[in-house]
Amino acid sequence: MINVATALNRKYLLYTVVMLTSLCENNASEESIRALILHHELKQEDFDLLHECLKDYDIEIEPLYIQPEIISDRLPRNIMWSVEMYYRLLLMDRLPEEIDRILYLDVDIIVNKDIRGFYHSDFEGKNLIVCDNTGGDVDTYRDHNPKKLEMLGKYFEMGFKYFNSGVLLMNIQSLRKEYSFDNYVEAFEVWNYEMAAPDQDILNWVHWDQVKYADARKYDCFAGLAHKSGFSYEHVKENSYIIHFTGDKPWETKKFHHPIEMIWWDYAKMTPCYQQLIDGFFEKTFFQTDAENYIREILDNEERCTQKLGEAIQLNQRLLDMIRGVQS
């Protein structure tokens, strides 16, 4: 059985359907998929929806309820740091005993090819198999923020590469022997809670020397970065096993979009909730005015710049006239 885990709230339910559909569509093995859903607010109707949307696949949906106070009483939260982002740090404590490895996936991911080989990778004595956080580009680690350099700088000098926490193949059997959620809480205290990406920074700091790296362009391809690097929809579709829509999301309307995002919509079309997704996208598109306001702001700035340029030209002309008057 292939064990996967993800964490979500109700806002991300339909996007989780798309992620799990992509995983199931590309499962060419005879192994079943066991998907553990870490949550604190999903209702029975939400799990009924997951079961209904995925009923044609060999997948078992298993709720894993997390009491939010376990996190919120001990770790910082704000509008950017949701409680769900910390749930991956509880996996060693909360997973059933029979699970010895698990693939953690963020919900903003598409599994684009059969990942059986990746899932069964040899840990080679390491606790995690990860992808560096550059999406395959060169890691110019000196561009990291000062706190991250303070805490991780000596490891960077030793060849460590900062990794992304959205795709984690976890050696649970090994991790259980040494780590629990308490270890991560202690790490937050050492950092004085000054993290830019709380769970990710802490995972990197705790496990910096216990990771094996996989090819990021294959197993954690950042869609936005791939687009900026000149990769096409066809190239990513053909070569990437796991595509990660970090930052801007394909379903968001207040963002600029690019062709690689169509891969997400390709899989969305395979789900029973596609019409609901596309209706929501179009409704938000037609009724939000961010793009219009942005264009108006550009035009206003252009008008102000033109006015300032005209004033500068007039001033320059008066200065030239004065110089000519002095010279004559």
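Visitor: How many salt bridges does the structure hold?

Guide: The structure, which is a predicted model, holds 14 salt bridges. A salt bridge is read from a side-chain nitrogen of Lys or Arg that comes within 4 Å of a carboxyl oxygen of Asp or Glu. One of them joins the side chains of Glu-45 and Arg-10, at 3.3 Å from N to O. This pair links distant parts of the chain, since Glu-45 belongs to helix H2 (residues 44-53) while Arg-10 sits in the loop between E1 and helix H1 (13-25), 35 residues apart.

Visitor: Which residues are linked with Arg-10 in a network of salt bridges?

Guide: The network links Arg-10 with Glu-45 and Asp-46. The side chains of Arg-10 and Asp-46 meet at 2.8 Å, again from N to O, and because Arg-10 lies in the loop between E1 and H1 and Asp-46 in helix H2, the pair ties together parts that are 36 residues apart in sequence.

Visitor: Where do I find Arg-34 and Glu-62, whose side chains meet in a salt bridge?

Guide: Look for Arg-34 in strand E2 and for Glu-62 in strand E3 (residues 59-65), 28 residues apart; their side chains meet at 2.8 Å, N to O. Arg-34 is buried, and Glu-62 is buried too.

Visitor: How many residues of strand E2 are buried?

Guide: Seven of the seven residues of strand E2 (residues 33-39) are buried, so the strand is largely enclosed by the rest of the structure. Both faces are covered, with Ile-33, Ala-35, Ile-37 and His-39 buried on one side and Arg-34, Leu-36 and Leu-38 buried on the other. Strand E1 (residues 2-7) runs parallel to E2 and is joined to it by six bridges, and among the residues of these strands, Thr-6 has Ile-37 in E2 as its bridge partner.

Visitor: What describes a pair of aromatic rings?

Guide: Such a pair is described by the distance of the centres and the angle of the planes. The structure holds 16 aromatic pairs. In one of these, the rings of Tyr-86 and Phe-188 have their centres 5.7 Å apart and their planes at 70°, so the pair is edge-to-face. Tyr-86 lies in the loop between helix H3 (68-72) and helix H4 (91-94) and Phe-188 in helix H8 (residues 181-190), so the pair ties together parts that are 102 residues apart in sequence. Both Tyr-86 and Phe-188 are buried.

Visitor: Which residue lies over the face of Tyr-162?

Guide: Lys-148 lies over that face, at 4.0 Å from the ring centre. In another such case, Arg-101 lies over the face of Tyr-119, at 5.9 Å from the ring centre.

Visitor: Which residues make the nonpolar surface patch of about 420 Å²?

Guide: That patch is made by Phe-282, Phe-286 and Phe-287. Phe-287 is found in helix H14 (residues 274-287), and because its relative accessible area is 69%, Phe-287 is exposed. Phe-282 also belongs to one aromatic cluster, whose members include Tyr-12, Trp-251 and Phe-281.

Note on methods:
Residues numbered from 1 in each chain as written. Predicted model: local features only at pLDDT ≥ 70, side-chain atom pairs only at ≥ 80, totals over all residues. Heavy atoms only, no water. Patch = residues over 30% accessible without salt bridge, like charges linked within 9 Å, V, L, I, M, F, W, Y side chains within 5 Å. Areas by Shrake-Rupley, 256 points an atom, 1.4 Å probe, with all protein chains shown as cover. Helix = DSSP H or I, 4+ residues; strand = E, 2+ residues; numbered from the N terminus. Buried < 20%, exposed > 50% of the residue type's maximum accessible area, 1.4 Å probe, protein only. Phe/Tyr/Trp six-rings, centres within 6.5 Å; stacked < 30°, edge-to-face > 60°. Lys NZ or Arg CZ within 6 Å of the ring centre and 35° of its normal. Pairing = 2+ DSSP bridges.
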